[in-house]
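Colleague: Could you walk me through the labels on this one? I'd like to hear what stands behind each term.

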Amino acid sequence: MASAAAAAASISSSSPFLFKSYTPLASSPRSLSLGKPCSAFGIGFLSISISRKPRRSPFQVTSVAAPTESPTEFDEMASGTKRKYYMLGGKGGVGKTSCAASLAVKFANNGHPTLVVSTDPAHSLSDSFAQDLTGGTLVPVDGPEAPLFALEINPEKAREEFHDASQKNGGTGVKDLMDGMGLGLLVEQLGELKLGELLDTPPPGLDEAIAISKVMQFLESQEYNMFTRIVFDTAPTGHTLRLLSLPDFLDASIGKILKLKQKLASATSAIKSVFGQESNQEDSAGKLERLRERMVKVRELFRDTESTEFVIVTIPTVMAVSESSRLHSSLRKENVPVKRLVVNQILPASGSDCKFCAMRRKDQMRALDMIKSDPEISNLKLIQAPLVDMEIRGVPALRFLGDIVWR
Ligand SMILES: Nc1ncnc2c1ncn2[C@@H]1O[C@H](COP(=O)(O)OP(=O)(O)OP(=O)(O)O)[C@@H](O)[C@H]1O
C-alpha cells in the first residue's frame, strides 16, 4: 500500500488536484489506497491513500484543494439553518446518486441534520451508501458528524395508497357503479378525469410526484422536522420534466374527484349505501384532500427560490450536455430555480495520454466548450468533478467525493 507521503507526492506530481495535506487519523488497522496513477493509460488519475479512523468516520481526507478552474460555493449552500432542498437531476447514469449522496454526507459533516431521498423508481441510494435503505422508512446512515438519514421511497406502495384513496372517491370503481345506474352526466365528468388511465398506466413522473408528496408527509411530523438540508436524488430527465407538470394535473384531478364526491354524497341514498359507511368515506376523502394539499406544496416547493435549488448533473459528452441544456430550458420555463451545473467524470489532466485517453479528452473538451457557448447553460455556475479511479460506495468514499466536488 502507498504511504500517505508517497500518496501525497504522487498526487501533486500527477494530478490536477493539489492536495495540501493528508492526515492519517490514528494508527490504523489498515490503509486503503483509492487508486494510483494509471501507467497503462498514462493518466494521472486521482490517487490518495486513506487511513481508517478509530470510531465514527473511518476515513478522513483533509484539505483537498480545488482544481484551479472550478470554484464552488459549498459555504453558500451550507449557510443558514433554515431548511433547504437540493434536487439533483440529469441524464441517466451521469452520477446523480453519487453527487446527491456525497452532498448529503458533506452537509451532515458540516453540522446539518440531513435527509437524502431517492425518488428515482430505479433506486441506487442503497448501493451508493452500501447500506440497505429499502422499506420506505427513514434509515440512519452511520458515519457523518450530524444525523444523516436516507429514504428510498417505494413507488409501488405510495402509488397503491393513492390508488386506493382515489378509487374510494370517484375512481374507476365509482365509474363502473355509476355506469350501471345510468348516471350519464357524472360518468362524463369522470371521463374527463382520465383517472383510470392515469392509475392503470402511470405516466413517468407520477411516481416521483407521489414520492415527493410522501416526503412532505414525513416532514410534517414532529419527529422529522429537525432536518435543515434535504437532498433529492431524482429520476432521469424525462421523469423530471413530466414531474413538473404533474402536481398541477393531479391537483386539478383530485379537486375534481372531491367535487364529484360531494355531488355523489347528495345524489341518492342508494349510492350512499353502496359506498358503505359514511365515516369511511370521510376518512378516504380526508386522505385525498391531504394528498391534494401536499401536491400543492410540492408544486410550490419546486418554484421556491428561497428554499429550493435544482442542481443539474451532467458528464462532458455532447449528448449529455445537449440534454442538460434542454432540461434547463424546461426548468426555466417552469420557474424552477437552477444555479449550478455539475460536470462529472472529467478526465484528470495528464502529460502523457495514450491514444484512447487523448481521444476521450478531446471529446470532453469539445463538450466543455459546448457548455461555455450554450446560452441556455453557460451562465450556470460550473462545478467540475473528476473521474476517480474507484467505485464510489460507502460513506468514506462519498465523503472523499464530496470533498472534491462540493467545495
Ligand atoms: N466522478 C466519478 N468518478 C468515477 N466514477 C463515478 C463518478 N461519479 C459516478 N461514478 C460511478 O458511475 C456509476 C453511476 O453513478 P450513479 O449511480 O451515481 O449515477 P446516476 O446518474 O444516479 O444513475 P441512474 O440514472 O442510473 O440513477 C456508479 O458506478 C458510480 O460509482
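Predicted model: local features only at pLDDT ≥ 70, side-chain atom pairs only at ≥ 80, totals over all residues.

Colleague: What makes something a helix or a strand here, and how is the angle taken?

Modeller: Both are DSSP runs numbered from the N terminus: helices are H or I with at least four residues, strands are E with at least two.

Colleague: Which residues of α3 and α15 meet?

Modeller: Contact means C-beta atoms, placed from the backbone, within 7 Å. By that rule S98, C99, A101, S102, L103, V105, K106 and N109 in α3 meet V395, L398, R399, L401, G402 and V405 in α15. These divide into eight nonpolar, four polar and two charged. Nonpolar covers Ala, Val, Leu, Ile, Met, Phe, Trp, Tyr, Cys and Pro, charged covers Asp, Glu, Lys and Arg, and the others, Gly among them, are polar.

Colleague: Why is α15 described as largely enclosed?

Modeller: A residue is buried if 20 or more other C-beta atoms lie within 10 Å of its own, exposed if 12 or fewer, and partly exposed in between, again with C-beta atoms placed from the backbone. In α15, 10 of the 11 residues are buried, so the rest of the structure largely encloses it. Among them are P396, F400 and I404.

Colleague: And A130, what makes it exposed?

Modeller: A130 has 12 C-beta neighbours inside 10 Å, so it counts as exposed. It lies in the loop between α4 (125-129) and β5, and its phi is near 55 degrees, a positive value in a residue other than glycine. Most residues other than glycine have a negative phi. N335, in the loop between α13 (318-333) and β9, has phi near 60 degrees. With 11 C-beta neighbours inside 10 Å, N335 is exposed as well.

Colleague: How do you know that β5 and β6 pair?

Modeller: Pairing needs at least two bridges found by DSSP. β5 and β6 have two, in the antiparallel sense, with P140 partnered by F149 in β6. β4 (residues 114-118) is joined to β6 by five bridges and runs parallel to it. The open sheet of eight strands has the order β5-β6-β4-β7-β3-β8-β9-β10, with mixed pairing. Its edge strands are β5 (139-140) and β10 (381-386), each pairing on one side only.

Colleague: What makes β6 covered on both faces?

Modeller: Side chains in a regular strand alternate between the two faces of the sheet. In β6, L148, A150 and E152 on one side and F149 and L151 on the other are all buried.

Colleague: Which residues come nearest the ligand?

Modeller: Of the 17 around it, G92, G95, K96, T97 and S98 do, near meaning a C-beta atom, placed from the backbone, within 6 Å. α3 gives the most to this shell, with three residues.

Terms used. Residues numbered from 1 in each chain as written. Contact = placed C-beta atoms within 7 Å.
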